[in-house]
Amino acid sequence: MPSLKSLRLRINSVKSTQKITSAMKMVAASKLRRAQLQAEAARPYAERMERMLGTLATSVTGSSAPKLLVGTGRDQIHLLLPVTADRGLAGAFNTNIGRLTRNIARRLEAEGKTVRIMPIGRKGRDYLRRELASRIGEDVSFAGRKSIGYADAEAIAQRIAAMVEAGEVDVVTVVYNRFHSVLSQIPTETRLVPAPVPETASVAAGGYVEVEPNEEEVLAKLLPQNLAVQVYRALLESAAGENGARMTAMDNATRNAGDMIKRLTLNYNRARQANITRELIEIISGAEAL
Amino acid sequence: MPVTLEIVSPAKLLLSREVDMVVVPSAEGDLAAQENHAPMIVLLRGGVITVYDGGKAGDQFFVAGGFAEITGDRCTVLADQAVPVAELSRDAARARLDDAEKGWENADKQDIAVRDAALDRLLSAREEVRLAG
């Protein structure tokens with residue numbers, strides 16, 4: 001039987017843990033709302049860009065087509081971009097991405113392909129470094145930053161575009177948690193290069209659209225922009241997902257702490273009453289002995 | 001008869017409403033979009049989008065570059081950055097111009113793509129400073 005004092009100490013420590021987890025839950029909830037708004041605000045641009053790309057892509061074919069659109073023509077070197085959070089305590093959020101990335105890498109390597117990894121977010125880097133350290137090149141981290149802006153996505157996109165242009169990588173895939181609902185985030189892989197071209201009906205009757213100055217020039221601007229938008233979308237979805245996952249995890253933790261406090265309090269009261277009873281017995285038997 | 005004008009930046013949808021006519025700063029000269037315009041996709045330079053309602057110039061937006069898609073009944077502007085002209089900040093514009101000038105100085109002028117990109121940024125920043133006053 002643990003002593004009364006040690007029980008009291010444990011109850012207090014669990015109570016303060018509960019305060020921390022419930023505070024983290026509140027913080028995650030308010031961050032989640034902001035992240036969701038940001039993700040929704042970014043959607044119209046991505047949709048319209050997709051439509052425009054669909055119109056343009058059908059008109060460009062052959063060897064003059066830009067690498068970002070059709071790829072380098074090979075399928076040998078794959079670049080994976082696992083998007084994770086910089087902080088933990090969000091349930092299986094980060095581990096899911098790590099595991100999916102690892103599985104993809106294993107599968108590609110079994111097919112004889114070369115895999116390179118550019119982790120976005122510290123947790124993913126730490127996870128993958130244990131097993132796939134030799135494939136990891138540079139990494140990106142937003143640790144200590146309040147929010148992610150479009151400029152961040154643009155910087156990442158520029159690096160990817162440069163690697164593709166230089167022929168260092170052939171296929172680029174981003175692995176991120178798609179925000180499905182607060183309770184569920186779905187680990188998803190999306191190909192960035194070669195650009196997946198959406199099947200859209202052409203806007204003009206007869207399918208003829210005039211392009212100024214010309215298709216090549218517009219695509220040369222549009223494709224890097226599209227890449228940045230796709231990266232931006234993955235970052236925002238992941239940010240929303242992270243907060244959703246953390247909220248759920250912290251909600252569970254708070255509830256568990258509550259259960260634990262209840263159990264400990266019961267033990268504490270039993271121990272206290274046992275003590276009182278014992279003292280009474282001692283007094284009574286002492287009095288009887290006289 | 002109106003055209004549906006939409007101005008979108010990566011961060012948000014800035015404007016979506018029906019207008020009589022809109023003038024966009026295309027890379028090859030200003031372009032007015034009215035209803036039944038032939039379908040077009042154009043590259044934009046840094047400049048001003050002017051909205052016309054009932055024959056009079058209304059709202060004005062500064063765009064730092066981007067794309068516009070024009071069809072018979074709508075005009076969609078995908079701007080890298082879009083701000084109502086009245087809300088342009090002089091200091092921010094100045095800072096951008098300084099950056100662009102530095103970028104132009106350091107740009108590799110032999111590489112046509114790099115040179116053009118730097119030049120576009122510079123011209124767009126100059127336009128912004130001019131508008132910000």
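This is a predicted model: local features need pLDDT of at least 70, side-chain atom pairs count only at pLDDT 80 or more; totals for chains, interfaces and linings use all residues.
Local features are given where pLDDT is at least 70 and side-chain atom pairs count only at pLDDT 80 or more, while totals for chains, interfaces and linings use all residues. Residues are numbered from 1 along each chain as its sequence is written, chains are lettered from A in the order in which they are written, and side-chain values use heavy atoms, with hydrogens and water left out.

Let us start with the sheet of chain A. Four strands form an open sheet with mixed pairing, in the order β2-β1-β3-β4; strands here are DSSP runs of E with at least two residues, helices are runs of H or I with at least four, and both are numbered from the N terminus. Two strands count as paired if DSSP finds at least two bridges between them. At the edges of this sheet stand β2 (114-117) and β4 (185-193) of chain A, and because each has a single partner strand, one side of each is left without a neighbour in the sheet. On average, neighbouring strands are turned by 25 degrees against each other, direction ignored. Strand β1 (residues 77-82) of chain A runs parallel to β2(A), and four bridges join the two.

Across β3 (171-179) and β4 of chain A lies α6(A), which runs at about 35 degrees to β3(A). Axes are lines fitted to C-alpha atoms, for helices over the stretch in contact, and angles run from 0 to 180 degrees between N-to-C directions. Helix α6 of chain A spans residues 215-289, and A:Gln230 has its place there. A:Gln230 is buried, with a relative accessible area of 18%; buried means under 20%, exposed over 50% and partly exposed in between, with a 1.4 Å probe and protein chains only. Beyond its neighbours within four places in sequence, A:Gln230 is in contact with A:Glu50 and A:Leu192, contact being heavy atoms within 4.5 Å.

A:Gln230 also brings us to a cavity. On a 1 Å grid over the protein atoms alone, a cavity is a set of points where a 1.4 Å probe fits but cannot get out, a pocket is an open set with protein on both sides within 12 Å along at least five of seven lines, and lining residues have an atom within 4 Å of a point. The second largest cavity has a volume of about 50 Å³, and its lining includes A:Leu192, A:Asn226 and A:Gln230. Here α6(A) gives the most, with four residues.

The largest cavity has a volume of about 120 Å³. Among the residues that line the largest cavity are A:Tyr45, A:Arg233 and B:Pro10, while α1 (4-57) and α6 of chain A each supply at least two residues of this lining.

Finally, there is the largest pocket, with about 1800 Å³ of space. Of its 45 lining residues, the closest to the centre are A:Lys221, B:Ala117, B:Ala118, B:Asp120 and B:Arg121. Elements that each supply at least two residues of this lining include α5 (150-165) and α6 of chain A, and α1 (90-106) and α2 (112-132) of chain B. With nine residues, α5(A) gives the most to the lining of the largest pocket.

Definitions and conventions: Grid points are joined across faces, edges and corners, and a volume is the space filled by probe spheres set on the points.
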